[in-house]
Amino acid sequence: MPSHLDPVPVPVPAPAPAPGVGASEATAFPPAPGAGAGAGTGTGNKRHPHVQLRALDTLWFQVAGTICNIECTHCFISCSPRNHSHEMMSLADVQRSLDDARGLGVREYYFTGGEPFMNRDMLAILEATLKQGPATVLTNGMLLRPDVCRRLRELFDASEYSLDIRVSLDGFDAESHDAIRGKGVWDRVMIGLRNLADAGVNPVITVTTAAEGVASEEGRARFLDVIRGFGFDRPRLKVLSLFRIGAEENRTRAYEEWERLNAESLSDEEASVLQCSSCRMVTSKGVYVCPILIEEPEARMGATLGETLRPFQLRYGACHTCWVDGVTCRT
Ligand code: SF4
Ligand code: SF4
């Protein structure tokens with residue numbers, strides 16, 4: 001099976017912090033006066049710390065908006081066929097931000113939704129993106145038809161950058177998976193995975209901790225066996241934390257008040273490892289701080305990337321999960 005594991009060189013590196021250099025010393029974009037990580041200043045509740053944007057490494061696109069062909073019970077942005085809170089993005093929409101990103105030193109690009117392959121421009125968007133950096137698509141795997149998979153393989157072969165396809169599973173079998181993702185979804189995903197294998201594309205399988213036992217060593221080993229069973233001899237697995245927002249808030253519970261970060265307990269150096277210190281999320285409604293908070297009006301930092309190169313106050317329950325679980329949505 002051709003490898004999507006091999007690292008692909010990135011010819012234009014963005015500024016990166018020197019080893020052992022804290023966030024404040026490595027900042028590529030100037031902090032707002034008095035608003036360093038851990039400063040606890042800002043317009044909101046003063047006890048919550050700020051995170052600086054030290055370098056814009058990773059750019060996300062909510063390319064399918066909040067529109068999805070299924071309706072998972074744990075979806076932290078409550079995507080569904082009827083949710084038009086954020087709309088699909090066109091190739092022209094994405095291209096504008098790609099042009100901005102080039103000048104800002106972005107190293108890699110991620111596409112999510114909703115379901116990205118519901119977007120008719122998705123393959124053209126990937127073709128444009130792969131001219132300037134590595135790309136990853138997060139998909140539920142249901143629309144991976146043979147022709148789509150063959151085209152993905154062609155795009156990968158034609159680019160000097162990597163293309164990763166991340167397919168979500170939420171259980172070890174149809175019963176556990178479909179309890180979260182809907183009846184019949186497992187069978188559709190199995191077809192999609194086989195089509196990927198036939199096209200020579202080795203996906204990253206992502207699984208949330210909603211799948212019981214997956215976070216343990218034994219659970220991971222079992223899941224890797226499941227992936228091998230699909231015909232992928234070099235299995236790749238990413239386990240994701242759950243955020244208690246959106247549909248997940250109803251499935252389990254909402255964040256409690258104590259589940260917040262405060263300025264006293266988060267140092268500059270600690271804040272600098274949060275993904276929002278190096279990413280932004282572009283949606284049809286503007287640019288947000290990260291891929292998680294797109295339904296929080298105050299997490300919209302501007303209309304363009306250039307307006308978002310400033311610190312952000314970590315006042316949300318989801319920020320607590322990011323810190324406690326060490327979450328990164330990157331692969
Ligand atoms: S978790 Fe993914 S596949 Fe499920 S509803 Fe949300 S966006 Fe769609
Ligand atoms: S949810 Fe996570 S990534 Fe988003 S702003 Fe909070 S800490 Fe940063």
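At what angle do the axes of helix H5 and helix H6 cross? This is a predicted model, so to speak of an angle is to speak of the prediction. The axes of H5, residues 174–181, and H6, residues 185–199, cross at roughly 110 degrees and come within 8 Å. Angles of 65 to 115 degrees count as roughly perpendicular, and H5 and H6 are therefore roughly perpendicular to each other. On the H5 side the contact involves Ala-174, His-177, Asp-178 and Arg-181, and they meet Val-185, Trp-186 and Asp-187 of H6. Sorted by class, that contact has three nonpolar, one polar and three charged residues.

Next, the strands. Strand S5, residues 163–169, runs parallel to strand S6, residues 204–208, and four bridges join them. Ser-168 has Thr-206 in S6 as its bridge partner. S6 also pairs with strand S7, residues 236–240, in the parallel sense, over five bridges. Here Val-207 stands opposite Val-239 of S7. To get from S6 to S7 the chain passes through helix H7, residues 217–229, in a right-handed β-α-β crossover.

Now the ligands. Around ligand 1 we find, among others, Cys-68, Cys-72, Cys-75 and Cys-79, along with Glu-71 and Glu-115. By class, the shell of ligand 1 has five nonpolar, three polar and two charged residues.

Ligand 2 has 13 residues around it, and Cys-276, Cys-290, Ala-318, Cys-319 and Cys-322 come nearest. Helix H10, residues 317–325, gives the largest share of that shell, three residues. The shell of ligand 2 has 12 nonpolar residues, one polar and no charged.

Technical notes:
Residues are numbered from 1 along each chain as its sequence is written. Chains are lettered from A and ligands numbered from 1 in the order in which they are written. This is a predicted model: local features need pLDDT of at least 70, side-chain atom pairs count only at pLDDT 80 or more; totals for chains, interfaces and linings use all residues. A residue is near a molecule or strand if its C-beta atom, placed from the backbone, lies within 6 Å of it. Helices (H or I, at least four residues) and strands (E, at least two) are DSSP runs, numbered from the N terminus. Ala, Val, Leu, Ile, Met, Phe, Trp, Tyr, Cys and Pro count as nonpolar, Asp, Glu, Lys and Arg as charged, and the others, Gly among them, as polar. Axes are lines fitted to C-alpha atoms, for helices over the stretch in contact, and angles run from 0 to 180 degrees between N-to-C directions. Angles under 35 degrees count as roughly parallel, over 145 as roughly antiparallel, 65 to 115 as roughly perpendicular and the rest as oblique. Two residues are in contact if their C-beta atoms, placed from the backbone, lie within 7 Å. Two strands pair if DSSP finds at least two bridges between them. A crossover is right-handed if, with the strands pointing away from the viewer, the path from the first strand over the helix to the second runs clockwise.
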